[in-house]
Amino acid sequence: MPRPSVRFQAIGTHWVLDTDRELDLDDLGAVHDLIARFDATWSRFRGDSWVCRVAAAGPGEYDLPEDAEPMLAAYDAAALCTGGAISPLVGRALEDLGYDAGYRLRPVRDEDGNLASRPAPPWWQVRRSGGRIALDSPALIDVGAAGKGYLVDLVSGVLSERGVREYIVDAGGDIRVQGEPVRVALEDPSDPTRALGIVRIANEAIAGSAPNRRAWGPGLHHVLDARTGRPTDRVLSTWAIGPDALAADIAATALFFAHPDLVAARFGVQYVVLDADRRLRWSLGIDGEMFT
């Protein structure tokens with residue numbers, strides 16, 4: 001028997017909530033209020049958000065949002081296992097590439113026509129203590145490598161608190177499942193009609209990342225190496241399956257820059273990686289089938 005399903009758009013992506021009971025107006029209001037608060041804090045596409053206000057104010061110390069620490073701790077781990085390739089301080093670099101609040105999609109180039117890259121400040125030099133963050137240089141925070149997964153977890157928490165025992169929360173492919181297993185197809189980034197494999201998810205989460213999801217020109221996409229400010233070209237697509245959507249989301253990005261087994265050990269995930277030469281790699285014991 002089909003379960004009740006709710007669909008809506010938020011934070012620039014499509015959401016689907018499948019639940020073991022129909023969500024009432026109070027349930028939906030709680031979910032939408034949470035998403036709105038998250039967006040008002042972490043979106044770099046709206047000038048009134050916390051991250052944009054911090055960027056405009058410049059170097060200094062700032063009170064962190066209440067929900068910040070789990071996500072920023074995930075960035076700590078990702079920065080360590082990728083040698084600094086992942087950082088939430090890549091916002092200015094993304095703007096230089098044209099992925100800005102106005103969706104300009106025209107990269108800044110030097111006089112020779114080359115991309116004018118802007119490396120991000122090293123994340124491990126940023127100090128956090130007592131709910132505050134100290135920024136020694138101007139920075140625009142972008143949590144695109146972890147934010148959607150973390151928000152999926154927060155929404156899942158709201159559902160659990162309101163008595164929903166089984167659910168699927170899907171935010172544009174970042175999926176958390178509580179209850180019976182579901183089958184998830186792994187889309188070929190070069191052919192959306194073809195699956196590279198199928199995995200089964202139960203009481204865990206899956207997240208995927210692929211440059212083609214947000215690309216606006218040859219070699220221009222959202223998966224940046226923070227050390228150079230330039231898009232990476234080593235990997236075509238990644239997926240991570242983990243205990244929660246935050247771990248899966250940040251691990252899916254880390255898989256572009258670090259050995260998969262290192263990422264798996266750091267975040268407690270299983271992985272599937274499609275390399276630039278279309279070689280498919282996956283964790284031993286993964287619950288699913290790969291089509292090689």
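Start your tour by selecting Cys52: is it buried or exposed? Cys52 is buried, at a relative accessible area of 15% (buried means under 20%, exposed over 50% and partly exposed in between, with a 1.4 Å probe and protein chains only). Then pick Cys81, which also counts as buried, at 8% relative accessibility. A search of the whole structure finds 0 disulfides (a disulfide being a pair of cysteine sulfur atoms within 2.5 Å).

A word on what you have open: this is a predicted model, in which local features need pLDDT of at least 70 and side-chain atom pairs count only at pLDDT 80 or more, while totals for chains, interfaces and linings use all residues. Residues are numbered from 1 along each chain as its sequence is written, and side-chain values use heavy atoms, with hydrogens and water left out.

**Stop 1: helix H3**

Cys81 belongs to the buried set of H3, so select residues 68-81 next. Helices (H or I, at least four residues) and strands (E, at least two) are DSSP runs, numbered from the N terminus. Colour the buried residues of H3, among them Ala68, Met71, Leu72 and Tyr75. Now show what covers them: the list includes helix H1 (25-42), strand S4 (127-129), helix H5 (147-161), helix H6 (245-254) and helix H7 (260-267). After H3 comes Gly83, with a positive phi near 65 degrees.

**Stop 2: the cores**

Which residues have the most contacts inside the largest nonpolar core? They are Trp15 and Phe267, in a core of 79 residues. H3 gives the most to this core, with 9 residues. A nonpolar core here is a set of buried Ala, Val, Leu, Ile, Met, Phe, Trp, Tyr and Cys residues joined through side-chain atoms within 4.5 Å. Centre on Trp15 and, leaving aside neighbours within four places in sequence, you will find it in contact with residues including Phe8, Ile35, Leu151 and Val169 (contact means heavy atoms within 4.5 Å). A second, separate core of 17 residues includes Ile201, Ile241, Leu280 and Ile286.

**Stop 3: the sheet of 8 strands**

Switch to a cartoon view and trace the open sheet in the order S1-S2-S6-S7-S10-S15-S16-S17, with antiparallel pairing (two strands pair if DSSP finds at least two bridges between them). Strand S1 (5-10) and strand S17 (280-282) are the edge strands, each pairing on one side only. Neighbouring strands are turned by 10 degrees against each other on average, direction ignored. Such angles run from 0 to 180 degrees between N-to-C directions, with axes fitted to C-alpha atoms, for helices over the stretch in contact.

Zoom in on S7 (residues 174-178) and S10 (residues 204-209), which pair in the antiparallel sense over 3 bridges. Arg176 has Ala205 in S10 as its bridge partner. H5 touches strand S2 (13-19), strand S6 (167-171) and S7, and its direction makes about 150 degrees with that of S6. H6 touches S7, S10 and strand S15 (235-242), its direction making about 25 degrees with that of S10.

Stay with H5 and select Asp153, which counts as buried at 11% relative accessibility. Not counting residues up to four places away in sequence, Asp153 touches Arg176, Asp244, Ala245 and Leu246.

**Stop 4: loops**

Most residues other than glycine have a negative phi. Asn203, in the loop between strand S9 (191-201) and S10, has a positive phi of about 55 degrees. Asn203 is partly exposed, with a relative accessible area of 47%. Arg278, in the loop between strand S16 (270-275) and S17, has a positive phi near 65 degrees, and counts as partly exposed at 38% relative accessibility.

Next, go to Phe45 in the loop between H1 and helix H2 (50-57). Phe45 is partly exposed, at 30%, and its contacts beyond four places in sequence are Tyr99, Asp100, Ala101 and Tyr103.

**Last stop: the sheet of 3 strands**

Finish with the open sheet ordered S8-S9-S18, again with antiparallel pairing. Strand S8 (182-188) and strand S18 (288-290) stand at the edges with a single partner strand each, so one side of each has no neighbour in the sheet. The twist averages 35 degrees from one strand to the next. S9 and S18 are joined by 3 bridges, and Ile198 has Glu289 in S18 as its bridge partner.

Conventions
The expected span of a helix is 1.5 Å times one less than its number of residues.
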